[in-house]
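This report is for a reader who is new to the structure shown below. Please keep the sequence and the model in view while reading.

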Amino acid sequence: MKRFKFASGAALAIALGAILVLSGCAFTGKYKQLYMLADWVEINHQSLQARYEAATDEEKAYLYQNVNPFMNIAKHAVVGLGAMDREDDVKLAAEITAIEKEVTAGKLDYDPYNLIWALRTKDYNALELEILALKRLIVAQLT
Amino acid sequence: MKMNIDLLIEALIIAIFSFLKQQGLTDEEARVQFLAAVDRVDMQKDLPSPATQPEGP
């Protein structure tokens, strides 16, 4: 459909981006990986905002209901990642609660169990994979 | 089709730019950059709710 004709291109690009991130993970240090991940979420959120502002009302409604909640969850996950690194358990708990609220409020067909488990157990590797999975979900919502 | 290509180019530039930005950093420098990016993500505003459509008669 015209509204999301770009989806296949975006899916390919996101897949290529994920390959870049994962290949980067193979030969870079821990914080370089995390930096790439946080940077990527930041830029993609900006991109979604720009797309939202230029969208028609119908597209806006779709993006708001179907893409925005997953982007918000990805943001909370990245902020939780930072809280883990800073050993800020209060902030980490707040991000976990925010993810749970986002899933409940959006009535999403998404089980946050693995993501929340990764945050609770402070498992960096699992969390990275969950954030990458969220990105794939965002692309799926665009198709 | 043009939209597809535009988006492909845009997303690729984002991915490559993101990849290149962390090249040449030490892991400690990358940590500083990572935490700064986390703070920027934390500050990003949520999308505004779409305007409610007036109901018809």
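Chain B exposes about 3900 Å², of which carbon and sulfur atoms supply 65%, whereas the accessible surface of chain A comes to about 6700 Å², with 56% belonging to carbon and sulfur atoms; such areas come from the Shrake-Rupley method with a 1.4 Å probe, and for residues only the protein chains shown count as cover. This is a predicted model, in which local features need pLDDT of at least 70 and side-chain atom pairs count only at pLDDT 80 or more, while totals for chains, interfaces and linings use all residues. Residues are numbered from 1 along each chain as its sequence is written, chains are lettered from A and ligands numbered from 1 in the order in which they are written, and side-chain values use heavy atoms, with hydrogens and water left out.

Helices (H or I, at least four residues) and strands (E, at least two) are DSSP runs, numbered from the N terminus, and buried means under 20% relative accessible area, exposed over 50%, and partly exposed in between (1.4 Å probe, protein chains only).

| Chain | Secondary structure | Buried share |
|---|---|---|
| Chain A | six helices, zero strands | 54% of 143 residues |
| Chain B | two helices, zero strands | 32% of 57 residues |

B:Ile9 is placed in helix α1 of chain B and, at 44% relative accessibility, counts as partly exposed.

The interior is described next. A nonpolar core is a set of buried Ala, Val, Leu, Ile, Met, Phe, Trp, Tyr and Cys residues joined through side-chain atoms within 4.5 Å. The largest such core has 50 residues, and those touching the most other members are A:Ile73, A:Leu81, A:Tyr110, A:Leu115, A:Leu127, A:Ile131 and B:Phe34. Two or more residues are given to this core by α2 (30-54), α3 (57-86), α4 (89-105), α5 (113-120) and α6 (124-142) of chain A, and by α1 (2-22) and α2 (27-43) of chain B. The largest share, 13 residues, comes from α3(A). Leaving aside neighbours within four places in sequence, A:Leu127 is in contact (heavy atoms within 4.5 Å) with A:Ala77, A:Leu81, A:Met84, A:Leu115, A:Ala118 and A:Leu119.

Within α5(A), the residues A:Leu115, A:Ile116, A:Ala118 and A:Leu119 are buried. They lie on the same side of α5(A) because they cover an arc of only 155° around the axis, the arc being that of the directions from the helix axis to the C-beta atoms. On the other side of α5(A), A:Tyr113 and A:Arg120 are exposed.

A:Glu95, in helix α4 of chain A, counts as buried at 5% relative accessibility. Not counting residues up to four places away in sequence, A:Glu95 touches A:His76, A:Val79, A:Gly80 and B:Asp42.

Two loop residues complete the account. A:Glu87, in the loop between α3 and α4 of chain A, has a positive phi of about 55° although it is not a glycine, and counts as exposed at 67% relative accessibility. A:Lys122, in the loop between α5 and α6 of chain A, also has a positive phi of about 55° without being a glycine, and at 35% relative accessibility counts as partly exposed.
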